[in-house]
Amino acid sequence: MRILSGIQPSGALHLGNYFGMMRPAIELQEKGEAFYFIADYHSMTSLTDPVARRKNTLDVALDFLACGLDPKKSVFFKQSDVPEVTELSWLLSTVTPMGLLERAHSYKDKTAKGISPSHALFAYPVLMAADILIYDSNVVPVGRDQKQHVEMTRDIAIKFNEAYGQTFVIPEPQIRDEVAVVPGIDGQKMSKSYGNTIEIFGDEKVIRKKIMGIVMDSRQPAEPKPDADKNLAVQLLKLVAPAEVGNDFENRLRAGGLGYGDLKKALFENYWNYFADARKKRAELAANLDYVNGVLVDGANKARSLAQKVLKRARINCGLE
Ligand code: ADP
Ligand code: TRP
């Protein structure tokens with residue numbers, strides 16, 4: 001089984017990225033042949049600062065390796081180190097109906113948020129399809145917001161196979177229901193673009209302040225709260241705390257007697273402990289950038305040789321060779 005996923009270097013990674021995509025991806029590296037990449041070509045649809053792109057790309061590499069991506073088990077690389085995907089993206093675009101792209105939620109959401117509607121933003125799902133199909137991927141672990149993109153990939157692959165004969169493996173999205181949408185500190189989906197994130201490797205003071213600033217309702221501590229499971233701090237606590245601790249806080253909130261301040265303090269402490277080992281590892285990696293860059297070069301070499309084989313198959317099937 002081949003597993004593949006990517007993440008854009010468009011800002012500091014947060015708990016939504018971690019629980020929705022990175023942790024499932026890291027767990028899957030034990031279960032098959034995993035390919036994970038930093039989607040730097042894709043980041044060009046929303047980020048135009050080259051210095052920021054370089055910095056974010058390195059940050060994503062450090063974050064992923066610190067969180068447990070093991071380069072002995074997974075192939076880890078930068079998307080643009082395999083330029084073959086851009087050629088495949090062209091081949092795929094010739095069988096991609098306009099109507100399919102016009103239905104993409106992410107295009108509508110991004111333009112509604114003010115990102116300028118470039119051709120690349122519109123064609124984003126075609127490049128993503130190329131990313132997935134060029135490695136004969138079977139499984140794509142992502143958060144729920146990427147489900148439609150993987151479904152579009154399936155449609156595009158089926159269309160190409162119909163037009164030119166069996167060429168591509170049809171991939172499946174893999175979405176963990178329990179973390180499909182991690183809420184941000186304002187209760188909406190946690191996202192870089194909503195400014196509501198808790199970063200995985202945030203500064204201690206900044207994150208403490210963000211967590212203590214989560215707005216709650218005005219019910220008194222003594223009041224029982226039958227809706228404790230819907231409380232944002234409880235939901236986040238359950239992600240970062242051992243199950244007994246999360247359940248205990250939820251029960252105490254439900255029964256009455258637990259103040260929101262104490263709940264938020266527990267959330268901060270458990271968050272801080274949850275990533276303690278990864279934080280140490282990240283500092284070590286940051287002091288050894290030659291190693292980190294070597295991992296990416298090595299990964300690119302492996303990814304590229306597979307990509308070249310699959311691209312050749314596609315080129316032959318459509319009569320370019
Ligand atoms: P953002 O919304 O912050 O820009 P991305 O779109 O770069 O995040 O998402 C990268 C990966 O992380 C995707 O697989 C996405 O599904 C996942 N992800 C992002 N935010 C969340 C969230 N709040 N809950 C679950 N998964 C998420
Ligand atoms: N679109 C994904 C995101 O914004 C990133 C991505 C690019 C990706 N190519 C991919 C994810 C291929 C999975 C597979 O998060």
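Helix H7 gives the largest share of the shell around ligand 2, namely 4 residues, where a residue counts as near if one of its heavy atoms lies within 4 Å. This is a predicted model, in which local features need pLDDT of at least 70 and side-chain atom pairs count only at pLDDT 80 or more, while totals for chains, interfaces and linings use all residues. Residues are numbered from 1 along each chain, chains are lettered from A and ligands numbered from 1 as written, and side-chain values use heavy atoms, without hydrogens and water.

**The shell around ligand 2**
- Among the 14 residues around ligand 2, those that come nearest are Gln8, Tyr124, Met128, Asp131 and Gln146.
- By class, the shell holds 8 nonpolar, 5 polar and 1 charged residues, with Asp, Glu, Lys and Arg counted as charged, Ala, Val, Leu, Ile, Met, Phe, Trp, Tyr, Cys and Pro as nonpolar, and the others, Gly among them, as polar.

**Polar contacts of ligand 2**
- Nitrogen atoms of ligand 2 lie 2.6 Å from a polar side-chain atom of Tyr124 and 2.7 Å from a side-chain N or O atom of Asp131, a polar contact being a pair of N or O atoms within 3.5 Å.
- For Gln146, the distance from a side-chain N or O atom to a nitrogen atom of ligand 2 is 3.0 Å.
- Taken alone, ligand 2 exposes 370 Å², of which the protein buries 91%, as computed by the Shrake-Rupley method with a 1.4 Å probe.

**Aromatic pairs**
- The count comes to 19 aromatic pairs, in which ring centres of Phe, Tyr and Trp (its six-membered ring) lie within 6.5 Å.
- The rings of Phe19 and Tyr274 have centres 5.6 Å apart and planes at 50°, so this pair is tilted, since planes under 30 degrees apart count as stacked and over 60 as edge-to-face.

Definitions and conventions. Polar contact = N/O pair within 3.5 Å; in protein donor to acceptor, adjacent residues only side chain to side chain. Helix = DSSP H or I, 4+ residues; strand = E, 2+ residues; numbered from the N terminus.
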